[in-house]
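Hi,

Here is the structure I promised to pass on. Have a look at it first, and my notes on what turned up follow below.

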Amino acid sequence: MLGGKKVILGVTGSIAAYKAADIAGQLVRHGAGVHVVMTRAAREFVSPLTLEAISGNRVHTEMFAERSGAMVHLDLGRQADLLIVAPATANLIGKVAAGLADDLLTTLVLAFRSPVLFCPAMNPAMYANPVVQRNVAALRAAGYHFCGPEAGRVACGEEGPGRLAAVEAILDRAAGLLRGADDLKGIGVLVTAGPTREPLDPVRYLTNHSSGRMGYAVARAARDRGARVILVSGPTALRAPDGVSLVSVTTAAQMFTAVSRHLPESEVLIMAAAVADYRPATAAPEKIKKGDRPLTLELVPNEDILAYAGRSKKPGQVVIGFAAETGDPGERALDKARRKGADLVVGNDVTRPDAGFDVETNAVVFAFPDGQLLRLPKMDKYEVAWRLLDEVLRIRDGGAGA
Ligand code: PMT
């Protein structure tokens, strides 16, 4: 999404300003044209020359000193698709929230018509200050976007939310904003992702190969389209997407509790998690000792969360499942859609090396309970998620799908 786009990177005076070099470099690497605007304080932390060399474009610093007669803030802003302010200090956020424009960057932000993404970085006590929180809330309400801050140890040694978001998270949000869709704005989307773990004893469990990638891609795509996203995730190695509420669970029973708690406040449920159908009848309190005789495990069925959601679906709610199949998934996904009361089941063949578990791509078939099958070519999981959300909107609008 970044290829061929024009991005303005605003840099303000924070210790995290040095990370602007990495952000600019990654944007350029992804094919974006990058123009950097620095405040006076930012130049105390990082040299314009560095950002000039990385972006390949002249760095803008002054409102009046550059080309005589030119309206730099308007010229720059008119040409750009996105403005990222990273790091964004409390001062910059406060000035924009108050409608002040006393330097090139603040003037540019106020005059900018395309999306603006603020990436705050500051001392945690400062970020927690109610005045700063009020300014952030005011900017959010005015349609500005935020990425981070992350919680952790900041340069001054204090801990808490205040660290600049990871460069990868900033790029991910930037790419989402550049797609420019807002068609899920305000809609509550509940997504499940990852595997569940069913304990046998304190050291062993039953699980599967789900990495969480498919469900996390759905959560990111829904967020990028303006949804309020709750992501109920089994154990994964993935970073929680910025701007999404994460509920971490381990077992299928915990996932059931989390989904049933959040379902009433959600218009859409998308179950991409690989939920264990069975769990050990009992989890031994101590490690099961090795013996010479065969060991038989008794397994009992877990509640089917998707079927529960299908049964308790309210008018207007959309319920989507996935079907992990070994072989052609079409007919089996259709059967699951009908049996579980889902509006659509996304079938995938998990024996393919380029689809299903633990890869970046998927090849899916959308199965609708009326018998329609829509087969999609192999694509990135984020693209699958995007196409799936198109279907969600069609179903919500009363369309038959596909
Ligand atoms: O996480 P990745 O590595 O990216 O892999 C993606 C994926 C292969 C896990 C994903 O694309 C996928 O297929 N998810 C569904 C896996 C699965 O559990 O399929 P199933 O056919 O066993 O279940 C059908 C549906 O019922 C699923 O939506 C599942 O979430 C749901 N289910 C299953 C059992 C259960 N007890 N409760 C449920 O809600």
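Two strands count as paired if DSSP finds at least two bridges between them. Helices (H or I, at least four residues) and strands (E, at least two) are DSSP runs, numbered from the N terminus. Keep in mind that this is a predicted model, where local features need pLDDT of at least 70, side-chain atom pairs count only at pLDDT 80 or more, and totals for chains, interfaces and linings use all residues. Residues are numbered from 1 along each chain as its sequence is written, and side-chain values use heavy atoms, with hydrogens and water left out.

First, the sheet with eight strands. That sheet is open, its order is S12-S11-S8-S13-S16-S17-S19-S20, and the pairing is mixed. At its edges are strand S12 (245-248) and strand S20 (373-375), each pairing on one side only. From one strand to the next, the twist averages 15° (axes are lines fitted to C-alpha atoms, for helices over the stretch in contact, and angles run from 0 to 180 degrees between N-to-C directions). S16 and strand S17 (residues 344-349) run parallel and are joined by six bridges; Ile 320, for one, has Leu 344 in S17 as its bridge partner. Helix H14 (residues 381-396) lies across strand S13 (268-271), S16, S17, strand S19 (364-367) and S20, at about 140° to S16. Contact here means heavy atoms within 4.5 Å.

Then there is an open sheet of five strands, in the order S2-S1-S3-S4-S5, with parallel pairing. Strand S2 (33-38) and strand S5 (145-146) have a single partner strand each, so one side of each lacks a neighbour in the sheet. Four bridges link strand S3 (residues 82-88) to strand S4 (residues 116-120), and the two run parallel; Leu 83 has Val 116 in S4 as its bridge partner.

Now the ligand. As for backbone atoms, an N or O of Met 271 lies 2.9 Å from a ligand oxygen atom, and a polar backbone atom of Ile 305 is 3.1 Å from a ligand nitrogen atom.

Last, some backbone details. Most residues other than glycine have a negative phi, and most peptide bonds are trans. Asp 358 is not glycine, yet its phi is positive, near 60°; this residue is in the loop between S17 and strand S18 (361-362). The peptide bond from Ala 86 to Pro 87 is cis, with omega near -5°, and Pro 87 is in strand S3. Another cis bond joins Gly 148 and Pro 149, with omega about 5°; Pro 149 is in the loop between S5 and strand S6 (150-153).

Cheers

Notes:
Polar contact = N/O pair within 3.5 Å; in protein donor to acceptor, adjacent residues only side chain to side chain.
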